[in-house]
Amino acid sequence: MTSGGLIERMQTGLWAENPGLVQLLGLCPLLAVTTTFVNGFGLGIATLLVLTCSNALVSATRRWIRQEIRIPIYVLIIASLVTCIELIFKAWFPTLDRSLGIFIPLIVTNCAIVARAEVFASRNPIGASIADGIGMGAGFAMLLMTIGAFRELVGQASIFSRLDMLTGGEPFAGFSFADSGFLLAILPPGAFFSLALAVALKNHIDHKRRISRNAGMPRRLRRAR
Amino acid sequence: MNDQTVVKTGMILALIAAICTTLVAGTFQVTKHRIAANEKALLEQSLQPALAGLFYDSGISESRLVLKAPHELPGNDAAIIYRVFGEGKPVAALFAVTARDGFSGPIRILLGVDSSGVVTGVRILKHRETPGLGDKIESARSDWVFQFDGHAIGNPVVTGWAINDDGGEFDQLTGASVTSRAVINAIRDTLLYFETNRDEIFALSGTGEDE
């Protein structure tokens, strides 16, 4: 695949086939941890790393993986990678690890990862699979960060609280704008509302784009579509 | 599929399992010292508020003493005592005990007592008290728990270790006298225990391996 093709692959994951916004995969961590920007960022990066490495490994071994044993092999590869990532987080980002809690090990069950292994990595060369992993992982991470930042802004009227979990150093309360926010955004229903808003926003943008593209075409062509 | 392919498939599965295990084992070897150090630092850090900046040079986590129930301290779960030393002499003892009679379930309390029996700090480790009322026992939500700092048995006398409503010397939280009473009683009982058992607490050698 050419380098242009690789970039296109990444863009697909970021927008057109975004695992969270379009495929609606991996909703459990997406809804559960996005109470702050930093939490969303942490889990997003962890998922991105696991997804990229698992795509690379599955693609590298795809010649030897037989149809009958492919699922156990995916599970083995993904579970090992998640365990490694969990150990690395525990060693270098201990506070972030405690804040994300069970959701780091639960990346194993993120169906977005197994779906990419099955749909893409098992049928494509390593380069394309890595590009796909980065694109899909980054798409998922961006969504986690956006929803995390949105819920933090609305729910706590602050942003970037506990940024020290990534950088180390003294606890950082974040930039606060008001004494209290709209509490619903932090609570579980707020997660669903935020995701719904994000999906709606994406569809709206896509719709606008389609209209403007159509408007730019000659009349005859437009009718032909 | 025939026998040969079964064997071959099994071999592939075993090989990939071996590779994955090596990967995890390698990461574990690289990270294990850092993880152990982090956990120790976290424990020491969480105990700091109850130490009120006292000087010490001993490892706190190594001096842990776990008392299994039944014991004479408050609570019917395991009580933990961390002994703190400076230049070989006892400096303070930190108690993690449970007040059983909270308004909605047990309240886990961390209490620091210096070697002369004076309270150095009180923190609430775990509770399920009513948000807005009883949860003001948390140091982050009100400064109610700070009123015990510097007090000891004798200052006030034992009967003074109660909330104002019960004729004691300490403030209660508005709308949460049950919670306040539970916390104060647990502190008082721990202080009394410390007074009678002080020498044994510091003399015992224990690392808490029996938890």
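Biologist: In chain A, what share of the contacts with a separation of 6 or more comes from residues 24 or more positions apart?

Modeller: Keep in mind that this is a predicted model: local features need pLDDT of at least 70 and side-chain atom pairs count only at pLDDT 80 or more, while totals for chains, interfaces and linings use all residues. Residues are numbered from 1 along each chain as its sequence is written, chains are lettered from A and ligands numbered from 1 in the order in which they are written. Two residues are in contact if their C-beta atoms, placed from the backbone, lie within 7 Å. On that basis, the share from residues 24 or more positions apart is 76%.

Biologist: How many helices and strands does chain A have?

Modeller: Helices (H or I, at least four residues) and strands (E, at least two) are DSSP runs, numbered from the N terminus. Along the sequence, chain A reads α-α-α-α-α-α-α-β-α-β-α-α. The total is 10 helices and 2 strands.

Biologist: What percentage of chain A counts as buried?

Modeller: A residue is buried if 20 or more other C-beta atoms lie within 10 Å of its own, exposed if 12 or fewer, and partly exposed in between, with C-beta atoms placed from the backbone. Chain A has 225 residues, and the buried part comes to 42%.

Biologist: Now to the two chains together. Are helix α4 of chain A and helix α1 of chain B roughly parallel or roughly antiparallel?

Modeller: Two packed helices are described by the angle between their axes and the distance between the axes. Axes are lines fitted to C-alpha atoms, for helices over the stretch in contact, and angles run from 0 to 180 degrees between N-to-C directions. Here α4(A), residues 70–92, and α1(B), residues 3–47, pack at about 10° with axes 8 Å apart. Angles under 35 degrees count as roughly parallel, over 145 as roughly antiparallel, 65 to 115 as roughly perpendicular and the rest as oblique, so this pair is roughly parallel.

Biologist: Which element gives the most to the side of chain A that touches chain B?

Modeller: The contact takes 17 residues from chain A and 15 residues from chain B. By class, the chain A side has 11 nonpolar, 3 polar and 3 charged residues; Ala, Val, Leu, Ile, Met, Phe, Trp, Tyr, Cys and Pro count as nonpolar, Asp, Glu, Lys and Arg as charged, and the others, Gly among them, as polar. With 11 residues, the largest contributor is α4(A).

Biologist: Which residue of chain B does Ile77(A) contact, leaving aside neighbours within four places in sequence?

Modeller: Ile77(A) belongs to the stretch of α4(A) that meets α1(B). Within chain A, its contacts are Ser54(A), Leu57(A) and Val58(A). From chain B, the partner is Cys20(B).

Biologist: How far apart are the centres of domain 1 and domain 2 of chain B?

Modeller: Domain bounds come from an automatic or database domain assignment, and they divide chain B into domain 1 (3–48) and domain 2 (51–203). 5 residues of domain 1 are in contact with 5 residues of domain 2. Taken over C-alpha atoms, the centres are separated by 40 Å.

Biologist: Is Leu111(B) buried or exposed?

Modeller: Leu111(B) sits in strand β4 (residues 107–114) of chain B. Its contacts beyond four places in sequence include Phe95(B), Val97(B) and Ile187(B). Because 25 other C-beta atoms lie within 10 Å, Leu111(B) is buried.

Biologist: Which residue does a cis peptide bond join to Asn155(B)?

Modeller: Most residues other than glycine have a negative phi, and most peptide bonds are trans. In this cis bond, omega is about 0°.

Biologist: What is the phi of Phe160(A)?

Modeller: Phe160(A) is in the loop between β1 (158–159) and α8 (164–167) of chain A. With 17 C-beta neighbours inside 10 Å, Phe160(A) counts as partly exposed. Although Phe160(A) is not a glycine, its phi is positive, at about 60°.
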